[in-house]
Amino acid sequence: MRSTEIKPEMDGERVIIAGWVHEVRDLGGLVFIVIRDRDGFIQITLPKKTVNLEMFKKAKKISRESVIKVEGIVKREDKAPNGFEIIPDIFEILSESHSPLPLEVTEKVPADLETRLDNRFMDLRRPKVSSIFRIKSQISKSIRDFLSNRGFIEVHTPKIVSTATEGGTELFPISYFEREAFLNQSPQLYKQILMSAGLEKVFEIGPIFRAEEHNTTRHLNEATSVDIEMSFVDHEGVMEILEEMVKKVYGNVIEKCEKQLKTLEIELEVPKTPFKRITYTEAIKILENKIPWGEDLDLQALKTIGNEIGGFYFITEWPTKIKPFYVMPFEDDRICKSFDLMYGYIEIASGAQREHRYEKLLENIKRRNLYPESFEFYLKAFRYGIPPHAGWGLGLERLIMAMLGLSNIREAMLFPRDRTRLVP
RNA sequence: GCCCGGGUGGUGUAGUCCGGCCCAACAUGUGGGCCUGUCGAGCCCACGCCCCGGGUUCAAAUCCCGGCCCGGGCGCCA
């Protein structure tokens, strides 16, 4: 049974419980062992007088974090945590833990993130840490449910690719038999091809790889991207889906992850939709023109804007020049139908209505000094009938970071990959 | 990649400025002992550490140079 399935009302019942030895409190003639499982803690109590002596000695010697299985009787006891304890008659050691431990699961002594990540298997035994990933699981599930209910088809595009999405970011080269290939930075090109294929609404939750040598608390070299692409809509249409999805995800987490939120001491509120929208030009005004129109907003700028607005908001109508070749410009082609979803100063998602006119797209690629030949597999899909379409990509770990107020994005990844970390 | 700060028992810190008083301190842990109501149990005893490589000096955890790594800030970044 799980720790949470046992109640004081089960007084006298025989139960089997298994888990990790969280703590041993040896009082001499009375030994308390706190067993931890996925859901919580349970105390087993061994009074020397009443339990088998051999078992008593074995239990007394058990090392912390060993995995044990205990069979015994539930005893209602006001002096015990949660109002009950288990008096064992069978005590089995499934796996003995070595010592000393690489870090303290009990949180009596803090550990650096570095130490924690080096020993992630043990770090994840801490309820606070595992709660993050229980919530992440719920978020993925909510996103799948939400998009599926809206008629989106889940797809899986290749992660080994021949070319960059837009030439900006650095790619990880890999050896692909006799050729060079790369790890994909984004499913962008493929999900657009699927619009030509007539799938109409697609989504993908998958890994993306960036070979940037950045070293910050909000960048990873391997992250999870939630991507959608949708035909016959403009940027406004997919912005609405995005904000409703975020709202739904918050609602689901509040409803289904009550325990995890409590463990993390976080009180969540469902954000109100529609989210605030400011244009790039308005953003520049907030900055009192410290950034010249046409330049990208740097971190300091985003912090100023984030402080000003707060919570979730969109920045829309970006200068065409600083956005990728596949975005659709307005009639005034200095600005484009592109948007970023922000939370404070963190960019959570970005999207746009796409340029679906073949000639314009080709022109954009050339103008950015990219090679149309390497995009031929993509461009081809635009020559035989492709609907107008729009989409976005959302950084799953960024969303979690925003939701749970994590100070480092690595906290939102089980086994993060960064500039120096490749193991575990 | 740049700037600043840092690397001390398994873990987290003090000591470094101003070299010797440090065969390095505290907490937690580990081993042992006492203890029948713990819930960060308590008490007693013991164990365990100066990132790597050079240099300065009678003497280096401490100063200098290089490397690796970490933290903060930034840059780069659909």
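Ring pairs join Tyr-250, Phe-275, Phe-312, Phe-314, Phe-339 and Tyr-343 into a cluster. Rings of Phe, Tyr and Trp (its six-membered ring) pair if their centres lie within 6.5 Å; planes under 30 degrees apart count as stacked, over 60 as edge-to-face and the rest as tilted. The count by this rule is 13 aromatic pairs. One of them is edge-to-face because the ring centres of Tyr-176 and Phe-177 are 5.1 Å apart and their planes stand at 65 degrees. Tyr-176 is partly exposed, at 34% relative accessibility, and Phe-177 is exposed, at 69% relative accessible area. Here buried means under 20% relative accessible area, exposed over 50%, and partly exposed in between (1.4 Å probe, protein chains only).

This is a predicted model, in which local features need pLDDT of at least 70 and side-chain atom pairs count only at pLDDT 80 or more, while totals for chains, interfaces and linings use all residues. Residues are numbered from 1 along each chain as its sequence is written, chains are lettered from A and ligands numbered from 1 in the order in which they are written, and side-chain values use heavy atoms, with hydrogens and water left out.

Met-230 belongs to strand β11 (residues 222–231) and is buried, at 9% relative accessibility. Helices (H or I, at least four residues) and strands (E, at least two) are DSSP runs, numbered from the N terminus.

Three strands form an open sheet in the order β7-β9-β8, with antiparallel pairing. Its edge strands, each pairing on one side only, are β7 (160–161) and β8 (173–176). Strands pair if DSSP finds at least two bridges between them. Between β7 and β9 (residues 179–183), which run antiparallel, there are two bridges. Ile-160 has Leu-183 of β9 as its bridge partner.

Around RNA strand B there are 55 residues, of which Arg-25, Glu-85, Arg-210, His-219 and Thr-420 come nearest. Of the atoms of RNA strand B that come within 4 Å of the protein, 56% belong to sugar and phosphate. A residue is near a molecule or strand if one of its heavy atoms lies within 4 Å of it.

A backbone N or O atom of Asp-26 is 3.1 Å from a base nitrogen of RNA strand B, and a backbone N or O atom of Gly-29 is 3.0 Å from a phosphate oxygen. From Ser-186, a polar side-chain atom lies 3.4 Å from a base nitrogen of RNA strand B. Elements giving two or more residues to this surface are β1 (14–26), β2 (30–36), α2 (113–118) and α9 (299–309).

Helix α12 (residues 396–404) is mostly covered, with nine of its nine residues buried. Just after α12, Gly-405 has a positive phi of about 65 degrees.

Technical notes: Polar contact = N/O pair within 3.5 Å; in protein donor to acceptor, adjacent residues only side chain to side chain.
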